[in-house]
Amino acid sequence: MTQDKNRKKRNAFPDAEELGKPLEGWRHTLYTVIFEADTKIGKLFDLVLIIAILLSLAVIMADSVEELSNRHGHVFRVLEWTFTGLFTLEYLLRLICVKHRWRYALSFYGIVDLLAVAPTYAALLFPNMAFLIGVRALRLLRVFRVFKLVAFVDEYVMLGRALRASARKILVFLSVVLSIVLVMGTIMYVVEGPTRGFISIPAGVYWAITTLSTVGFGDITPQTGLGRFLASVMMLLGWGVLAVPTGIVTMELGLAQKSMRKDVTTRTCHECLKEGLDADANFCKKCGAKLPEYQND
């Protein structure tokens, strides 16, 4: 009976591992090297990774040139499979050293890391999917973690905060722009008519968008005096439209700069993979998990 009670107690209270005990031993060391760039070896790992990504992209671009592909196609294929093997090994190591593998696999970087290797294998069955290999360029976003100059990382985080803070204002602004192009497109359809290229209201809206954005392809142009006057108004309005979102983001950048913390690191939570944790933090500010001792050189 006593053993049963003790067993029930053990089952009722999960152990430290189930509660999210920080990684230890070689997994902790591997995690620090792969996911954090504050140590010398971690920075070196990410730097080598980015060089490999750039070289693999260079191979992809060179292989797309018919003359080079005909002459060095075999070399390009060997290099491509070599890079794919290295990236596959790196992806597996990332899965091994994290506690919650699905959280990493379904995260932004996890999906990008998978897409970096999947097209090469998929191309064996579906050759047309080989063009997706270019998604490796997204992995260059890790450059923000490698060159961890404090000011550089601060500006990156600050820009993200400013964009999030100004999202609603920009959405309202875009709704106003959408109303303008709908109204102006409809008016131009009535004024110019199908004989001058405005064959429908959507065609008029298309013209309004290209004119307001100062692109102006010139495939549809107004011919009447009233149409040209309206086109001139749209062109001048386009210059003003460009300034509005710039001003909104600039204002939010100023506010974000005032509230920005000074010490931004690449420290990452083992539980939720939250990045940029404070160097002196003991717990994750997102999920509350206890953090292992921070290592930086």
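Predicted model: local features only at pLDDT ≥ 70, side-chain atom pairs only at ≥ 80, totals over all residues.
Where is phenylalanine 126 placed? I found phenylalanine 126 in the loop between α7 (108-122) and α8 (143-146). Helices here are DSSP runs of H or I with at least four residues, strands are runs of E with at least two, and numbering starts at the N terminus.

Residues are numbered from 1 along each chain as its sequence is written, and side-chain values use heavy atoms, with hydrogens and water left out.

**Overall fold.** I counted 12 helices and 0 strands in the chain. Of its 297 residues, 37% come out as buried (under 20% relative accessible area; exposed is over 50%, partly exposed in between, with a 1.4 Å probe and protein chains only). I also looked up contacts (heavy atoms within 4.5 Å): among those with a separation of 6 or more, 63% link residues 24 or more positions apart.

**Aspartate 219.** I located aspartate 219 in the loop between α11 (201-212) and α12 (225-258). Is aspartate 219 buried or exposed? Aspartate 219 counts as exposed because its relative accessibility is 52%. Its side chain makes a polar contact with the side chain of tyrosine 206 at 2.8 Å (a pair of N or O atoms within 3.5 Å; within protein, one must be able to donate a hydrogen and the other to accept it, and residues adjacent in sequence count only if both atoms are side-chain atoms). I also checked glycine 197, 22 residues away along the chain: the C-alpha atoms of glycine 197 and aspartate 219 are 8.4 Å apart.
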